[in-house]
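This report examines a protein model for a reader who is new to structural analysis. Please look at the sequence and the three-dimensional view before reading on.

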Amino acid sequence: MFNLIIAEQHRAAKNLKALIKIALILLFTLNFSSAHAQDFFPEQTDYGFRFGADFDLPGKNLSADYRPGVNYNLSLMRYFEKFTVDVTAGYRQFQAKYPTLSQATNTGTTGVFTTSPFESFALSVGAVYNLPLGDNTKLYGGLNSGFYFTSYSVSYQDENTSFYEGSSSKQAYVAPKIGAAFAINNNLDFDVHAAYNVFTEHYEVNSRTGESGTLFTSFSAGVGLVFKF
């Protein structure tokens with residue numbers, strides 16, 4: 001099992017490196033092909049819709065049980081001179097490394113652990129500070145904060161024992177983020193970004209509702225297209 005976990009970690013690292021390489025290639029390609037682009041902050045453009053996809057690497061209290069996944073998100077952007085604010089809805093899912101796992105007990109019977117996917121629907125607000133690097137390029141850094149509505153379960157069953165944990169409802173969420181954006185034209189941007197996601201959980205144990213102070217984390221990196229209007 002230890003070797004399988006190590007292999008999963010190496011595979012996740014390779015996938016993340018591949019995504020970053022692809023993003024960088026696209027980023028520089030768009031940068032050179034859009035030399036004719038107009039001012040990066042056109043005065044007539046105040047809003048935008050962003051469609052994004054992130055590679056999500058489970059961290060603290062998730063990495064032992066879940067595989068890397070993909071996070072899809074949709075944002076409404078509001079542009080100011082140096083700042084951008086957004087409202088974002090997103091969905092992420094981590095598949096369990098071992099959906100079912102059998103284990104022999106001391107009594108000679110077999111117990112079975114069952115782990116569901118870790119699914120979350122997110123709603124957050126964010127703000128970033130923009131640092132222009134030219135007419136069509138900028139760096140940015142900022143913070144997202146909001147809530148995740150999460151569903152997952154872990155159960156165990158053998159001849160004499162039954163255990164259940166899960167059915168989480170709502171999580172507070174915060175994520176510092178950095179990124180770079182490239183203007184293809186006045187109405188279309190391409191960006192790459194990374195975020196460190198931290199969220200806490202409320203969950204149900206043995207059919208008794210309770211609260212957990214446990215922190216869960218993930219590291220995400222991805223790309224997005226912004227249609228400005």
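Is Arg50 buried or exposed? Arg50 is buried, because its relative accessible area is 7%. Here, buried means under 20% relative accessible area, exposed means over 50%, and partly exposed lies in between, with a 1.4 Å probe and protein chains only. The model is predicted: local features need pLDDT of at least 70 and side-chain atom pairs count only at pLDDT 80 or more, while totals for chains, interfaces and linings use all residues. Residues are numbered from 1 along each chain as its sequence is written, and side-chain values use heavy atoms, with hydrogens and water left out.

The side chain of Arg50 forms a salt bridge with that of Asp191, at 2.9 Å from N to O. A salt bridge is a side-chain nitrogen of Lys or Arg within 4 Å of a carboxyl oxygen of Asp or Glu. Arg50 belongs to strand 1 and Asp191 to strand 11, so the pair ties together parts that are 141 residues apart in sequence. Strands (E, at least two residues) are DSSP runs, numbered from the N terminus. Asp191 is also buried, at 5% relative accessibility.

## Other salt bridges

In the whole structure, 4 salt bridges are found. One of them joins the side chains of Arg92 and Asp56, at 2.4 Å from N to O. Because Arg92 lies in strand 3 and Asp56 in strand 1, this pair ties together parts that are 36 residues apart in sequence. Both Arg92 and Asp56 are buried.

Another salt bridge links Lys228 to Asp189, whose closest N and O atoms are 3.2 Å apart. Lys228 is in strand 12 and Asp189 is in strand 11, so parts that are 39 residues apart in sequence are tied together. Lys228 is buried at a relative accessible area of 7%, and Asp189 is buried at 3%.

## The cavity

Rolling a probe the size of a water molecule over the atoms shows where empty space is left. On a 1 Å grid over the protein atoms alone, a cavity is a set of points where a 1.4 Å probe fits but cannot get out, and lining residues have an atom within 4 Å of a point. Grid points are joined across faces, edges and corners, and a volume is the space filled by probe spheres set on the points. The search of the whole structure finds 1 cavity of 30 Å³ or more. The largest cavity holds about 450 Å³ of space. It is lined by 32 residues, of which Arg50, Ser75, Asn144, Lys177 and His193 are the closest to its centre.

Strand 3 (83-94) supplies at least two residues of this lining; its share, 6 residues, is the largest. The lining of the largest cavity has 12 nonpolar, 12 polar and 8 charged residues. In this count, Ala, Val, Leu, Ile, Met, Phe, Trp, Tyr, Cys and Pro are nonpolar, Asp, Glu, Lys and Arg are charged, and the others, Gly among them, are polar.

## Ser75

Ser75 lies in strand 2 (residues 69-79) and is buried, with a relative accessible area of 4%. Its side chain makes a polar contact of 2.5 Å with the side chain of Thr88. A polar contact is a pair of N or O atoms within 3.5 Å; within protein, one must be able to donate a hydrogen and the other to accept it, and residues adjacent in sequence count only if both atoms are side-chain atoms.

Technical notes: Helix = DSSP H or I, 4+ residues; strand = E, 2+ residues; numbered from the N terminus. 1 Å grid on protein atoms, 1.4 Å probe; cavity = no way out; pocket = protein on both sides within 12 Å on 5 of 7 lines; lining within 4 Å.
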